Amino acid sequence: MPTIKILPHAEYCPEGAEISAPAGTSICEALLDNDIHIEHACEMSCACTTCHVVVRKGFESLNESDESEDDLLDRAWGLEPQSRLSCQAILAQQDVTIEIPKYSINHAKENH
């Protein structure tokens, strides 16, 4: 079972965290299942960028992004070459390290 290392984020996990999730799980699902309440305004339907993460290690082990995700990522705050929408990034067998950007384009946060 792969491990996701989450780098410290002032709001979502100030101390950072390490969680495990089965291969085939999206990074967003894994975070939410482990009480890391990342924004996901479109309910993980690949229609926004609020769940944007930067994959610092293990990027190549994730599934490839599709055209819809790539188009949305162009609107994400703090876009980097290793950016992914966490709702679309599916874990394989390799561990990954992610960083949740400080900001998102979401002006109002919702409790999901």
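Is Asp 35 buried or exposed? In this predicted model, Asp 35 is exposed, its relative accessible area being 58% (exposed denotes over 50% relative accessible area, buried under 20%, and partly exposed the range in between, with a 1.4 Å probe and protein chains only). The residue belongs to the loop that lies between helix 1 (27-33) and strand 3; helices (H or I, at least four residues) and strands (E, at least two) are DSSP runs, numbered from the N terminus. Between Asp 35 and Ala 89 the C-alpha to C-alpha separation is 18 Å, and the two are 54 residues apart in sequence.

Residues are numbered from 1 along each chain as its sequence is written. As the model is predicted, local features need pLDDT of at least 70, side-chain atom pairs count only at pLDDT 80 or more, and totals for chains, interfaces and linings use all residues, while side-chain values use heavy atoms, without hydrogens and water.

Strand 3 (residues 52-57) runs antiparallel to strand 4 (residues 83-85), to which three bridges join it; strands pair if DSSP finds at least two bridges between them. Within this pairing, Val 54 has Ser 83 as its bridge partner. Strand 3 is also joined by three bridges to strand 5 (residues 96-99), again in antiparallel orientation, and here Lys 57 stands opposite Thr 97.

The structure contains zero disulfides, a disulfide being a pair of cysteine sulfur atoms within 2.5 Å. Cys 42 is in no disulfide, and its nearest cysteine sulfur, that of Cys 48, is 3.6 Å away; this distance is too far for a bond. Cys 42 is buried at 17% relative accessibility, and Cys 48 is likewise buried, at 15%.
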